[in-house]
Amino acid sequence: MKISRVGAFLAAITVSISLAACQSDAPPAGGGGEGTPGGGGESQVSVSGTLTAGGASSQEAAMTAWVQGFRSVAPDMQVQYNPVGSGSGREGFLAGQYTFAGSDASLDEEEYEASKEICGPEGAFNVPAYISPVAVAYNLPDVSENIKMDAETIAGVFAKKITKWNDPKIAEQNEGVELPDLNITTVHRSDSSGTTENFTDYLTAAAPTNWTYDVVEDWPAEIASENAQGTGGVVGLVSQTEGAITYADASAVGELGTVAVKVGEEYVPYSAAAAAKAVETANRVEGGAEVNMAVELDRTSTEAGTYPIVLVSYHIFCTTYSDEETVNRVKAFGSYVFSEAGQAASEKAAGSAPLSPALSEEAIAAVESITTA
């Protein structure tokens, strides 16, 4: 399948799961009490109608698990999620197309100001929903070890300065590994992507010599390389191309090999635990709505066991919506996603790192603060 066809096919995919069953007599959703999503009760919640969202393709597997899990507490509600990419998700949210957005990047200052047009004077806010490592994944069937690379080597590969798998800069970090005399085919996202932003944020901070293109959501046009749309698109293309390499949410890389990234004096393979450790040291982004939970990661940490290429994917909500029915739907689904049950569902389905109890409690409280305009 050619790249253009891969992109077109994946662009047409919409994760849309209809949840229909009997009506419940429970009260409208709250944030975690008995009989509410995440509250541990057995009751259902009396929300119905459709909740429409779109955005990060990295969340696709987790979103499917969340929607399926939500069925047990809200059988009369339909949730639709279109994995169009983070940039398109935020654009759709700000245009009123989506009730909430999934995004691997929080709203920037300009987007936050624009959100006040649809969300009222406090605008929108970001809540971490999904924490996952971004894997540097490659297709080398004859190499069984995790290939080791430091940040400048990874940047050199994706900036097309290192073009062979047996280049000395790779070989010297992989003593005893038989690296093939094979061209490296780099594959990047063709769509505006929060995964690209997270990856280039790491390269900008940790590899300033070889990466001079700053932090971007859209891949630099001056770096000519292969591309495909969405997480599934780049992973699919690499899977079909021996010698190819990409960056992608770790939940989607399947049987591809992955790079162990140098942190301090050790090389750290990706894992949910190592990603969670990186988030633990993150600082909060200043500004925005009072309940904003966006974080700023330390990409140059040398702390042992920390994996620095981490994706924190957010759900972006309005602080106010125009009607009570929408508020109840958002609160019900959001409370489930951020609950212990919801986070366990995404961990099982996508290998993500669950929110800590403290972050989970704060996230549910933030969603519960949503009101009617």
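**Group meeting: cores, pockets and rings**

Okay, let's start in the middle. The largest nonpolar core has 95 residues, and the members that touch the most others are Ile-154, Phe-317, Phe-333 and Phe-338. By nonpolar core I mean a set of buried Ala, Val, Leu, Ile, Met, Phe, Trp, Tyr and Cys residues joined through side-chain atoms within 4.5 Å. Buried is under 20% relative accessible area, exposed is over 50%, and partly exposed is in between, with a 1.4 Å probe and protein chains only. Strand S5, residues 124-138, gives this core its largest share, nine residues. Helices (H or I, at least four residues) and strands (E, at least two) are DSSP runs, numbered from the N terminus.

Before I go on, a word on the model. It's a predicted one: local features need pLDDT of at least 70, side-chain atom pairs count only at pLDDT 80 or more, and totals for chains, interfaces and linings use all residues. Residues are numbered from 1 along each chain as its sequence is written, and side-chain values use heavy atoms, with hydrogens and water left out.

Back to Phe-333. Which residues is Phe-333 in contact with, leaving aside neighbours within four places in sequence? Those are Leu-51, Met-63, Trp-66, Val-67, Phe-70, Met-77, Val-79 and Phe-100, where contact means heavy atoms within 4.5 Å.

Now the rings. There are 14 aromatic pairs in the structure. Rings of Phe, Tyr and Trp (its six-membered ring) pair if their centres lie within 6.5 Å; planes under 30 degrees apart are stacked, over 60 edge-to-face, and the rest tilted. Take Phe-100 and Phe-317: they make a tilted pair, 5.4 Å centre to centre with 40° between the planes. Phe-100 sits in strand S4 (residues 100-103) and Phe-317 in strand S15, so this pair ties together parts that are 217 residues apart in sequence. Phe-100 counts as buried, at 0% relative accessibility, and Phe-317 counts as buried as well, at 1%.

Then there's the tryptophan pair. Trp-211 and Trp-219 have ring centres 5.4 Å apart and planes at 50°, so that pair is tilted. Trp-211 is buried at 2% relative accessible area, and Trp-219 counts as buried at 9% relative accessibility. Ring pairs also link Phe-70, Phe-100, Phe-125, Phe-317, Phe-333, Tyr-336 and Phe-338 into a cluster.

On to the pockets. Here we work on a 1 Å grid over the protein atoms alone: a pocket is an open set of points with protein on both sides within 12 Å along at least five of seven lines, a cavity is a set where a 1.4 Å probe fits but cannot get out, and lining residues have an atom within 4 Å of a point. Points are joined across faces, edges and corners, and a volume is the space filled by probe spheres set on the points.

The largest pocket has a volume of about 580 Å³. It has 30 lining residues, and the closest to its centre are Ala-105, Ser-106, Glu-197, Val-285 and Val-295. The elements giving two or more residues to that lining are helix H4 (109-119), S5, helix H7 (194-206), strand S14 (295-296) and strand S15 (310-318). By class, the lining of the largest pocket has 13 nonpolar, six polar and 11 charged residues. Ala, Val, Leu, Ile, Met, Phe, Trp, Tyr, Cys and Pro count as nonpolar, Asp, Glu, Lys and Arg as charged, and the others, Gly among them, as polar.

The second largest pocket holds about 150 Å³ of space. Of its 13 lining residues, Ala-151, Tyr-202, Ala-206, Lys-262 and Arg-299 are the closest to the centre. Helix H5 (151-158), H7 and strand S11 (260-263) each supply at least two residues of that lining.

Is Arg-90 buried or exposed? Buried, with a relative accessible area of 3%. Arg-90 is in helix H3, and, not counting residues up to four places away in sequence, Arg-90 touches Ala-101, Ser-103, Ala-105, Leu-107, Glu-111, Glu-217 and Ile-316.

Last, some backbone. Most residues other than glycine have a negative phi. Lys-160 isn't a glycine, yet has a positive phi of about 65°; Lys-160 lies in the loop between H5 and helix H6 (168-171). Asp-214 isn't a glycine either, and its phi is positive, about 70°. Asp-214 is partly exposed, with a relative accessible area of 48%.
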